[in-house]
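Reader: Hi! Could you walk me through this structure while I have it on my screen?
Author: Happy to, let's take a look together.

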Amino acid sequence: MKKITRNIPFGYPLLNNNEKKEIIKVLSGNILAHGPRTKKFEEKFCKFTKAPYAVSVSSCTSGMHLVYEALNISKNDEVLVPAQTHVATAHAVEHAGARPIFIDCDPVTGNIDPNKIEKKITKKTKAIVVVHFLGLPVDFIEIKKIAKKYKLKIIEDCALSLGAKANGIHTGLLGDAGVFSFYPVKHITTGEGGMIITKNKSLAKKLKILRALGVDKSFSERVLPGMYDTKFLGYNYRMSELQSALGMHQIDKINFFLKKRAENFTFLYKNLIKINSLRVLPGSYKNYKGSFYCLSIILNKELRSKRKLIITDLNKKGIGTSIYYPQPVPRMTYYKKKYGYIKKNFIHSEEISDCSICLPVGPHINLEDCKFMLKNIKLILKKIHEKN
């Protein structure tokens with residue numbers, strides 16, 4: 001009997017003729033950088049998020065690094081960083097010359113635990129970086145109270161939270177600056193690329209200068225071609241016109257993408273929470289609406305040793321999976337060697353890293369795909385329980 005499988009990748013960028021035609025237009029012209037499409041993409045991103053200012057960059061990581069540089073966070077400074085995040089969140093702090101101080105996560109949401117922040121603050125602490133884990137906004141009421149009390153900056157890692165809102169405010173506008181990712185598996189893609197948004201006019205201006213080598217006049221602002229000055233030690237972190245060509249059409253489809261993600265997530269969530277041997281991280285809570293990047297199931301103690309088997313069986317059926325994230329960042333070799341690792345400080349981050357399986361909910365899948373995933377998860381768990 002032939003085994004029934006489907007092709008359900010974890011992430012799949014949806015590009016159509018609009019993007020392809022725009023790429024051809026760029027390649028048919030003579031402007032591949034510093035062009036009108038980058039400006040247009042920034043304007044459209046502002047319109048969607050309701051951000052006063054948007055600064056496109058080459059990646060989310062470079063954008064995070066730029067924000068630290070623009071805020072003068074550097075050597076001998078400390079930045080509070082969630083342990084449960086992508087390693088890039090901490091890398092950006094390291095590249096700025098500062099030291100990441102890791103904080104364990106809330107076990108229910110996966111977000112940084114506000115109750116564990118204050119005891120990590122020292123005279124060297126300059127900022128808190130918050131990550132909206134899997135697109136679910138952090139508890140900003142408490143974070144803001146702490147930041148105000150200790151006069152700390154708040155930087156938002158919004159890599160997975162495009163479309164997410166806290167009390168009606170888009171992520172990225174809750175702190176001093178927020179940075180988004182357009183990597184291929186994200187909500188929209190430019191191949192590689194990122195966007196910084198902020199309410200601070202002077203910060204936005206500095207970010208634009210820093211992303212382009214510290215040059216004081218952009219290509220279109222120069223009275224004489226080739227004539228400019230350099231006021232800061234900047235970086236080449238610009239987004240190209242090819243990337244922007246994709247972005248300006250991708251952002252037009254974001255509401256459709258988000259609707260499909262919410263539908264897929266909701267179906268899976270309502271059915272998976274009925275299974276006693278696992279729990280599911282929420283997509284929204286209180287007045288905080290998530291972006292439904294993916295759905296993460298956390299296996300109970302009896303199933304944790306079977307995670308690899310479960311993932312392998314799902315993949316054999318054509319169901320793409322991932323793990324967010326493979327380890328708490330402070331447990332990764334580079335950070336463990338440099339700063340040491342105390343296991344008891346990161347119990348909840350370890351649970352999510354070591355016991356989770358993430359399922360796709362993107363707009364490339366439909367209800368039948370969701371039903372197929374649900375059916376096979378139940379069958380795999382049933383088989384495991386019967387053997388035990």
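Author: One term to start with: contact means heavy atoms within 4.5 Å. Please keep in mind that this is a predicted model, where local features need pLDDT of at least 70 and side-chain atom pairs count only at pLDDT 80 or more, while totals for chains, interfaces and linings use all residues. Residues are numbered from 1 along each chain as its sequence is written, and side-chain values use heavy atoms, with hydrogens and water left out.

Reader: Great. What is H170 in contact with, leaving aside its neighbours within four places in sequence?
Author: Its partners are F48, T49, S161, L162, G163, A164, K165 and F180.

Reader: And is H170 buried or exposed?
Author: H170 counts as buried because its relative accessibility is 3%; buried means under 20% relative accessible area, exposed over 50%, and partly exposed in between (1.4 Å probe, protein chains only).

Reader: Which strand does H170 lie in?
Author: H170 belongs to strand β7. Strands (E, at least two residues) and helices (H or I, at least four) are DSSP runs numbered from the N terminus.

Reader: Which residue in β12 does K165 stand opposite?
Author: That's K289. Strands β6 (residues 165-166) and β12 (residues 288-289) are joined in the antiparallel sense over two bridges.

Reader: Switching topic: how many residues are in the largest nonpolar core?
Author: It has 37, and Y68, V79 and I196 have the most contacts inside it. Helix α3 gives the largest share, six residues. By nonpolar core I mean a set of buried Ala, Val, Leu, Ile, Met, Phe, Trp, Tyr and Cys residues joined through side-chain atoms within 4.5 Å.

Reader: What does V79 touch, beyond its neighbours within four places in sequence?
Author: Among its contacts are Y68, I73, V93 and V129. There is also a second, separate core of 28 residues, including F292 and M373.

Reader: Last one: where is L32 placed?
Author: L32 sits in the loop between α1 (17-28) and α2 (36-49). L32 is partly exposed, because its relative accessible area is 44%.

Technical notes: Pairing = 2+ DSSP bridges.
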